[in-house]
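Colleague: I am new to reading models like this one. Could you take me through it, feature by feature?

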Amino acid sequence: MAQAAAVAKPPTPPRRRRASATPRRLPYLLIAPAALLMLGFIAYPVISVFYYSLQEYNPTKPWRNGFAGFDNFVHAFTDDPLFWDTLVFSAKWVFVEVGLQLLFGLALALIVNQTFAGRALGRALVFSPWAVSGVLTSAIWVLLYNSQTGITRYLADVGIGSYGTSWLSDTSTVFSAAVVADLWRGVPFFAILILADLQSVSKDLYEAAEVDGASRIKQFWHITLPHLKDAIVLSTLLRAVWEFNNVDLLYTLTGGGPAGVTTTLPLYIANTSVDAHNFGYASALTTVAFVILLFCSIVYLRLSKFGGEDK
Amino acid sequence: MSVKEATKVAPAPVSAAAFESPGAKKKRNRSWDEVPRWQIYLPLSIYLVFTLIPFYWILLFSLRPAGSTSLVPWPMTFDHFEKVWTERSFGTYFQNSVLVGVVTLLMTTLVALAGGYALARFNFKVKRAFMLALLCSQFVPGALLLVPLFEIFAELQMINSLGSVIIAETVFQLPLSMILISNFIKNVPYSLEEAAWVDGCNRMTAFRIVVLPLLRPGLIAVGSFAFVHSWNHFLFALMFLNNQEKQTIPVGLNTLMGADSVDLGALAAGGIIAAVPVVIVFAFIQKWLITGFSAGAVKG
């Protein structure tokens with residue numbers, strides 16, 4: 001039966017094929033496991049966060065639980081300096097991290113895309129921190145930043161930094177210290193994605209440009225970069241969302257300290273819900289974080305004309 | 001650098017290439033008129049120093065005796081590893097992490113393969129909505145859903161069971177994995193499957209014989225992603241597993257770091273144990289990763 005159908009319509013687009021081997025329910029059966037898992041463990045929790053955000057909900061103070069209207073939101077915006085501090089720090093963290101990771105990742109990808117002796121090994125070594133977890137990254141950099149035995153002691157020997165205090169416990173150095181640690185792991189992500197996209201640039205374009213006498217820098221601006229644009233827009237967006245949400249590294253490396261100067265909004269939310277058990281307020285903050293992320297993403301995609309025809 | 005300059009620097013290979021087939025010449029030409037060598041090796045070496053010193057540092061601390069300040073791991077000792085593996089229960093953590101990683105890999109790949117096939121090959125009513133949901137879920141931070149997730153797993157009596165972590169990891173891997181896999185499947189011409197039907201295969205057999213082998217690089221990329229992610233991920237295990245017997249390696253590492261006086265040797269050895277499986281996976285999949293990604297990842 002299947003044969004007959006297949007022979008009857010040779011080059012039809014997939015949608016019109018109704019081979020009898022394909023019951024109409026098949027696509028639904030195939031997406032059912034994924035859909036059920038996502039409904040149960042993403043959609044339902046998201047909805048309950050929205051619900052709790054309108055509630056006063058604290059398991060340790062049950063007598064105060066109940067509907068709270070927009071009190072939680074009002075409190076966050078008018079009466080909670082920590083909310084603003086952590087939001088500003090999150091923005092700074094995401095901006096600096098994604099910007100630097102993109103810059104170094106792009107440069108690295110361009111370098112290891114060249115043909116040179118030892119390229120395979122070079123690529124493997126350059127990309128290797130990608131596979132390292134946030135917690136392990138913290139463990140490694142805790143060793144490096146240790147004031148007695150870390151690499152910073154040797155840097156102090158040559159005049160960089162000072163003896164005695166760890167870079168992680170000084171409020172003036174902790175930001176750069178954490179940025180460097182996260183860069184170490186984050187740059188390979190961009191390098192890998194950009195390198196993958198570089199594989200699909202047509203070699204003919206470069207050859208034509210070379211015939212026309214275009215310099216390498218011109219080739220980069222007029223061929224490579226336009227080709228990479230969509231990949232760059234998408235990977236920076238995904239990475240920004242990821243950097244915003246990810247708490248592994250800062251939670252284990254600095255714990256949000258010293259004196260709270262490296263607390264991101266998600267870390268603050270985690271502390272509010274896990275340590276302070278203030279689920280209602282934490283849910284309201286989570287809702288605000290969602291809205292901010294969604295809004296920024298839409299604006300970013302609009303501004304960058306993602307998928308536009310100008311490529 | 002211009003063609004003229006390049007031939008000045010390296011005249012021999014270019015002229016030698018002139019005698020070879022046109023294809024070979026083109027290839028040879030490119031590699032020589034590209035960038036001067038130092039512009040590759042200098043920045044690459046600087047970056048490699050930055051990448052490799054941290055690895056060396058942790059290796060050094062894990063192998064040199066406690067209290068030593070030598071910059072080479074000599075005399076070498078494996079005491080830290082023994083201590084961490086037995087006294088600090090990294091043996092148990094390792095087993096748990098392997099279990100979580102492997103089951104997450106299998107579940108993610110299977111569920112995403114089924115869903116990805118449906119998205120790539122059929123048009124059905126809720127398809128657009130479903131795709132939109134997949135994309136939106138990228139913005140949903142698992143970390144911020146900890147409380148409701150905890151309540152769900154408590155309801156299901158799954159707190160302190162590895163199942164809770166496996167489900168949570170799988171669910172948050174699924175959207176991206178499914179989008180990737182459906183792109184890989186779209187790259188396999190539908191006519192190949194149709195040809196197999198003509199030869200008498202049913203849809204399942206045709207898929208298994210014709211499509212599946214072509215998906216190998218993509219599936220390896222997606223599967224190893226799922227493994228490495230769940231191996232590395234920390235927060236779900238920290239929240240859902242209170243029992244020390246059930247904890248995973250990242251939680252163990254965090255405990256070592258949180259101790260009042262950090263045992264740097266033990267921390268380093270624990271870190272090495274955490275790194276070994278992902279390094280092996282990474283070395284194995286590296287070449288698939290680039291092909292897998294360029295086959296369908298970033299461009300939808």
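**A bent helix**

Modeller: This is a predicted model. Start in chain A: H10(A) bends by about 50° at Lys229(A).

Colleague: Which residues of H10(A) are buried?

Modeller: A residue counts as buried if 20 or more other C-beta atoms lie within 10 Å of its own. In H10(A) these include Leu228(A), Ala231(A), Ile232(A), Leu234(A) and Ser235(A). Arg239(A) and Glu243(A) are also among them.

Colleague: Why look at the spacing of such residues in a helix?

Modeller: An α-helix has 3.6 residues a turn, so residues three or four places apart point the same way.

Colleague: What do the buried residues of H10(A) pack against?

Modeller: Four partners in chain A: helix H4 (81–112), helix H8 (174–198), helix H12 (265–275) and helix H13 (279–303).

Colleague: Now chain B. How many of its residues are in contact with chain A?

Modeller: Contact here means C-beta atoms within 7 Å. By that test, 84 residues of chain B meet 84 residues of chain A. Helix H15 of chain B (residues 264–296) gives the most to that side, with 15 residues. By class, the side has 62 nonpolar, 16 polar and six charged residues.

Colleague: What does the UniProt record mark in chain B?

Modeller: The unreviewed entry annotates "transmembrane region" over several spans, including 40–63 and 162–185. In the model, residues 40–63 of chain B are 100% helix, with end C-alpha atoms 34 Å apart. Residues 162–185 of chain B are also 100% helix, and there the ends lie 32 Å apart.

Conventions: Residues numbered from 1 in each chain as written. Chains lettered and ligands numbered in written order. Predicted model: local features only at pLDDT ≥ 70, side-chain atom pairs only at ≥ 80, totals over all residues. Contact = placed C-beta atoms within 7 Å. Helix = DSSP H or I, 4+ residues; strand = E, 2+ residues; numbered from the N terminus. Nonpolar A, V, L, I, M, F, W, Y, C, P; charged D, E, K, R; others polar. Bend = angle between axes of the 7 residues up to and from the residue. Buried ≥ 20, exposed ≤ 12 C-beta atoms within 10 Å, placed from the backbone. UniProt positions renumbered as here; feature names shortened; annotations may be inferred.
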